[in-house]
Structures are given as structure tokens and as C-alpha cells.
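Have a look at the coordinates before reading on.

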Amino acid sequence: IAILFSIPVVLTSTEIFTLTVNAFQIFTLGCIVYFLSIIGLAIFRKREGGKTLAAGFLIMAIGIVNDILVSRGIIYTGQIVPQCLFGFIFFQSIMLSMRFSKSFNQAEKLSNDLEQKSNRLEETSLELAILTQNLELKIQERTRDLEETKKEIEDLNTFSHLINSLSDLNSIFIEISKYFYHTFGIFGVWLLLPDEKREYLYAYKAYSYNKLPEDKYSYLMTKKIPLNENEGGIVYKNFLRKKPFYLSKILKFEFEVDREIVEKLSLVSFLQVPLVRKEECVGVFFFSNFEKEMKLSKSDIQKISNLCYQIAGTVDTIYL
């Protein structure tokens, strides 16, 4: 529209194009109102640079209105549009500088973020490499464990086959004692079996790789443990519970029979494993290193219990 108003100025004389001045001034005032409303909407919506643009355009609008009024002889302040245009450009420069500064800060922030992400990626890669290495080590350890487990199962099957092939309980007991000594470092093993009326437990066989004094061996072989709650102590309780019982360090006992056994045999630690067959306890294996501490892990106790469970039937059958 402004170009259309400019054409008469170029192509016609002063008498003609001045006739369009009033219409152009009205159009210009309308544009000012329109632009101010648009900028006001931008400020209301919190658009970036809205207030700066509004300040610059307001200066320009004041200059245009002033020059229109001066040209119509209403006021005599003089033409100020050039100066106001400078102010408008100045505020535009401020707005562009702010945008450039923000863009620069944003670029710097993005660069820092990228660097941090790159560092985190390197750290993640390093952690992944460590995890991979640990996983490989665990796989190797698991492979070794599986090989050891396989060997243990093979040894156990060989041992079980040997036990089942024997018909003499004394021979079976000797083989069992050797196995526990070489596999778990247990010096002393004795087998407690119930009498025919199941009134007490007695030591059917006893063996120690460290030779026992005669008095201790005699006590061990002649001691009878009553199968009742008041006099049977821990052995009787484990006989009923049908579960292994391990004491790595002996402190105090509730029952006199337990204190007597520990004192007479100089026990520091012991393991009791019931022999269970068809949900019935048919005997108890007693393990100890006597005055020397016996250190067993949960895995060791489980292996010993499994072995005792396997040979319980053989022991009971031959004993009967």
C-alpha cells in the first residue's frame, strides 16, 4: 500500500500527489496502531525482545505522529523522524545484541553439555569395559566352580559306589573316616547308633588320625547318651530334629551331658549330622578335631550332610 502511495510522488506534479497526503497519513496512523497492538500482544505472550522492540517502535511512532502534526500546522516542534529513526535502530541493535548474546551463551552451554555427555560416555565405556572384564572373570570362576563341582560329584559317586560295595560296617566306617580327613581335614569321626530298644545312643565306631589318650578313647566308646529330653542334651535334640548342628566355638551348654562330653574329650568345636533314612533318624555322625579348632564353611557342612544322607541307608541296612 505504501508503494502505491509513492507512485504518484514519482510520476506526477506536486499539485497532484499532495492530494494523497491526507490518505497516506491516515494509513500511517492506522499502521502505527496495528503495529503497537501486535507488539503489545507479543509482550503479553512474553515473547523474547518484545519490550525492547516496543520501546524502539514507540519512539518511532512518536516521531511520525509529531511530523504529521507539524506538516498539518497543528504544532511547531519541527521534524524529528530522523532522530526517532536513530532511536528505533538503536533499540533494534540492542535486541539483536541480546539475541546474539543469548545464542552465544546457548551455544556455549550446548558445547559444555556435549563435553559433559562425551565425558560421561567415556566413563560409561570404561565402566562397561570393567563390567565386561568382571563378567568374564565371573564366567571363568563359574566355569572353574562347575569343573570343581563336577569333580566333587564324580568323587562322591565313586565313594558312594565304594561304600555300597562293602558289606562290613567297620570297613565302611574306615573309608568314611579317610574321606572326611582328606576332603575336609577332619581328624576325629565317630558313629553313634541307637540300641535295639532306642533308649540310648552309643559309639559304635570311633577313629582319630591324631591318636587319642586311652582315657579319652575309653570314655568315648563307653559313653551312652540317653534318648530323652532331660538327659540326652544336644545330641538327642539333633536326633529328633534330623538336621546338622555345627559349633565353631563352644561356650556354654544347658545340659550336663553336653558339658561332660566337651570336658572329657577336650572339644573346641564339633559337627553333628543325623543319619536320616525314610524320614527316620537311624544314627548320628559326630565330627571334631578335639582340642584343635575345626573350621567348616556352609558349603562344607552341606556336602558332609549330603554324603551322610546317601550312606544312611547303607549303614542302617548293614547294622540291622
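Which residue takes a positive phi in the hairpin of E1 and E2? Arg198 does, at a phi near 55°, in a hairpin with five residues between the strands.

Before going further, a few ground rules. This is a predicted model, in which local features need pLDDT of at least 70 and side-chain atom pairs count only at pLDDT 80 or more, while totals for chains, interfaces and linings use all residues. Residues are numbered from 1 along each chain as its sequence is written, and side-chain values use heavy atoms, with hydrogens and water left out.

**The sheet**

Helices (H or I, at least four residues) and strands (E, at least two) are DSSP runs, numbered from the N terminus. Two strands pair if DSSP finds at least two bridges between them. On that basis, six strands make an open sheet with antiparallel pairing, and their order is E3-E2-E1-E6-E5-E4. The edges belong to strand E3 (224-226) and strand E4 (245-247); each has a single partner strand, so one side of each has no neighbour in the sheet. On average, neighbouring strands are turned by 20° against each other, direction ignored. Axes here are lines fitted to C-alpha atoms, for helices over the stretch in contact, and angles run from 0 to 180 degrees between N-to-C directions.

| Pair | Bridges |
|---|---|
| E1 and E2 | seven bridges |
| E2 and E3 | three bridges |
| E1 and E6 | five bridges |
| E5 and E6 | seven bridges |

For Pro274, the bridge partner in E6 is Val284.

Is E1 enclosed or open? Seven of the seven residues of E1 are buried, so this strand is largely enclosed by the rest of the structure. Buried means under 20% relative accessible area, exposed over 50%, and partly exposed in between (1.4 Å probe, protein chains only). Gly188, Trp190, Leu192 and Pro194 point one way from E1, while Val189, Leu191 and Leu193 point the other way. Trp190 has a facing residue in two strands: Ala206 stands opposite in E2, and Phe286 stands opposite in E6.

Helix H7 lies across E1, strand E2 (200-208) and E3, and runs at about 145° to E2. Contact means heavy atoms within 4.5 Å.

**Two cavities**

Rolling a probe the size of a water molecule over the atoms shows where empty space is left. On a 1 Å grid over the protein atoms alone, a cavity is a set of points where a 1.4 Å probe fits but cannot get out, and lining residues have an atom within 4 Å of a point. Grid points are joined across faces, edges and corners, and a volume is the space filled by probe spheres set on the points. The count comes to two cavities of 30 Å³ or more.

The largest cavity holds about 80 Å³ of space. Its lining includes Trp190, Leu192, Lys223 and Phe286. Strand E1 (188-194), helix H7 (214-222) and helix H9 (256-265) are the elements that give two or more residues to this lining. By class, the lining of the largest cavity has nine nonpolar residues, no polar ones and one charged. Ala, Val, Leu, Ile, Met, Phe, Trp, Tyr, Cys and Pro count as nonpolar, Asp, Glu, Lys and Arg as charged, and the others, Gly among them, as polar.

The second largest cavity has about 40 Å³. Among the residues lining it are Ile234, Asp258, Gln272 and Phe286. Helix H8 (229-241), H9 and strand E5 (270-277) each supply at least two residues, and H9 gives the most, with three. This second lining divides into seven nonpolar, one polar and one charged residues.

**Two glutamines elsewhere**

Gln79 sits in the loop between helix H4 (50-71) and helix H5 (81-165). Gln79 is partly exposed, with a relative accessible area of 47%, and touches Asp67 and Val70, not counting residues up to four places away in sequence. Gln310 belongs to helix H10 (residues 298-319) and is partly exposed at 39% relative accessible area.

Conventions. 1 Å grid on protein atoms, 1.4 Å probe; cavity = no way out; pocket = protein on both sides within 12 Å on 5 of 7 lines; lining within 4 Å.
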